[in-house]
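Please look through the sequence and the model below. The paragraphs that follow go from ring pairs to charges over rings, then to one helix residue and a sheet.

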Amino acid sequence: MPNIRARLLAVLVVLLGSLTVAGTPPATAATLPFDGTALTVSDGRFIDGHGREVVLRGYNVSGETKLAENNGLPFASVADARKSATALRALGGGNSVRFLLSWAYAEPVRGQVNTAYLSAATAQIGAFLDAGIRVYPDFHQDLYSRWLFDADSWYTGDGAPKWAVDLGDYPDEYCGICPFWGQNITSNAAVTQASYDFWHNTYGLQDSFLDTAQKTMMYLKQNLTADRFAGIVGFDPYNEPHAGVYDSGQTSRAWEKDVLWPFYVKFRARMDAAGWQDKPAFVEPNLFWNANLDFQKQEGGLLDAGQLGPRYVFNTHFYDQKAISGIFMWGKAEDGQYAGDFGTVRDRAAATRTPAIVSEFGHPLAGSVSDKAPTVLKAMYQALDSRVKGASWWSNPSGSGPVLSGSQWQWDIYNGRHHELMNGNPDKVLTAGDAWNDEDLSAVRLDDSGTPALRQDARLLDRVYPSATSGTNLAFTYEDRSRDGSTTLTWNPVPSSLPNVSRLVGTGQYGLLMWRSNSASAPTELHLPASFPTGSTTVVSDLGTAYSPPSYTSTTPVAVAPEPGGTGSRRLLLTDTDSGALHYALVTNGASSPSAELLAAARSELTAWAAGQ
């Protein structure tokens, strides 16, 4: 919910570095013995069936669900879902998606679940699972419901079905002077009263929602194979919850404790009843708990929920409202811009003993503040990787904290090619951007040939990250060398105290992971972006060094292999055989046929550096 409504200045913005993917490649990726296990939550981490710490990175699929043009589904067809999934893996570097579902289309008539909708959604989810992408569904809502809004309104919503709105005698929607659509959340009486009724189960609204959610989860469990269902990570019960109206004397913190948390407990029980006992609920606090504008911020963060793991995941969003406003932040984001904001997320997750996921983050790619997008997104990804800014990372890697999971908003292949009748009005056909409340945040679009193409710098989106660690992540950083126009952004240069490492990296991209082993039965994995072709990739690790690493075998300590799903994406595999030992690995595309002497010298420097941390 980036809260934007500024009239767009351009229909389509294609940033430098666009890539395309043509068609669906043949499924050439052989599944390795350690692939495909279900995730659980343990000791504040996502853990796979081999005890590895897993980081989820990807996108929301997609804002199309908010629209009527495809009947509340992200895609017009399963073929489009497959095309999108292949591109998301091969171009976007994602290993997971938050898959949006619509209550309005799942239950268009009260008490009657639309099995045709669930069938289509299940098939589209299956396309992502088949591409090796993990999925966590989300029953999405914004401004409660599209049916609160008049045909000629400036705004629209999504979520609750028409019958749910018809039950309430809500006032005519009106926001007053609201330059940002998100102001409707607190300023539009129709939205605030309808939201209040849902949270207080007026007319049995919440009961109906929970019934539909349970039936939806049962349908998915029954209609996905066991192998596919293993790729379902959990369920996000409700997008961006807010009270609408607080009761007299009630604080936002008290609302979370007395209203929101009991709802999550009920939803958790419905998950259990649907056969999802081993999958966590991805629960969101009051959406304003971490707003970076003081006048928006409300106390929250599930402060009174106690220990959440392993049955719940701390799930939150973050948008830089200062940058989006065009008023409160005039310049661009800088190194470490969001270290504090994302550090707060880490701290709340640690306090609740569960993993954190930032299930929405992003920035407008068109309009008056779109020039900030390259730096804002770089700073957000940097903050997901580490809570230490780049300029300080090499001197303080132990301050990094856990690598956060995240899902960028959003991945909509139909961006700029919509045909949406806003609020059902044939005189207001939206085609530009995301076709919803003037938003334009999709990282992808279809080019004129129907091929998915990135709208943002590939070096920013397709990143090195530790997708599975055989042990515990201790520190991680990635210098993507992404661009702001013609300027290459380097926020984490290798220090001069490591001259051979600096020479090896040169002007290339690099990632560095430190971890402590635990004798897991599978190797550590790092995603290799398309900008790291195997023949140009260099690895320096205490486990060994390699230029153009060989194909994986169980006895090869530094190797590469395809990622599951047959999309052409690849991974670096690092195999250790000990427990409790400190390991490190640097991977870069900056070297060209480095000599054995340079590799040895860089390894010596890194070994001494790691020992001093």
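This predicted model holds 41 aromatic pairs. One of them is formed by Phe209 and Phe263, whose ring centres are 6.1 Å apart, with 35 degrees between the planes. Phe209 belongs to helix 7 (residues 205-223) and Phe263 to helix 9 (residues 252-273), so the pair links distant parts of the chain, 54 residues apart.

How accessible are the two residues of this pair? Phe209 has a relative accessibility of 2% and therefore counts as buried, the cut-off being under 20%. Phe263 counts as buried as well, at 1% relative accessibility. Phe263 also pairs with Tyr264: their ring centres lie 5.6 Å apart and their planes meet at 50 degrees, so this pair is tilted too. Like Phe263, Tyr264 is buried.

Rings also take part in another arrangement, with a charged group over the face. Arg146 lies over the face of Trp147, 4.0 Å from the ring centre. In a second case, the ring of Phe229 has the charged end of Lys279 over it, at 4.4 Å from the ring centre.

Helix 3 (residues 115-130) contains Thr122. Is this residue buried or exposed? Its relative accessible area is 6%, so Thr122 is buried. Which residues does Thr122 touch, leaving aside its neighbours within four places in sequence? The contacts are Tyr219, Leu220, Asn223 and Leu224. Of these, Tyr219, Leu220 and Asn223 fall within the residue range of helix 7, 205-223, the helix that also holds Phe209.

The last part to look at is a sheet. Strands of a sheet pair through backbone hydrogen bonds, in either a parallel or an antiparallel sense. Here five strands make up an open sheet with antiparallel pairing, in the order 16-19-25-21-22. Strand 16 (471-479) and strand 22 (544-547) are at the edges; each has a single partner strand, so one side of each is left without a neighbour in the sheet. From one strand to the next, the twist averages 15 degrees.

Strand 25 (residues 579-588) and strand 21 (residues 538-541) pair in the antiparallel sense over four bridges. Where does Ser541 stand? It is opposite Ala585, a residue of strand 25.

Notes. Residues numbered from 1 in each chain as written. Predicted model: local features only at pLDDT ≥ 70, side-chain atom pairs only at ≥ 80, totals over all residues. Heavy atoms only, no water. Phe/Tyr/Trp six-rings, centres within 6.5 Å; stacked < 30°, edge-to-face > 60°. Helix = DSSP H or I, 4+ residues; strand = E, 2+ residues; numbered from the N terminus. Buried < 20%, exposed > 50% of the residue type's maximum accessible area, 1.4 Å probe, protein only. Lys NZ or Arg CZ within 6 Å of the ring centre and 35° of its normal. Contact = heavy atoms within 4.5 Å. Pairing = 2+ DSSP bridges. Axes fitted to C-alpha atoms, helices over the stretch in contact; angles between N-to-C directions.
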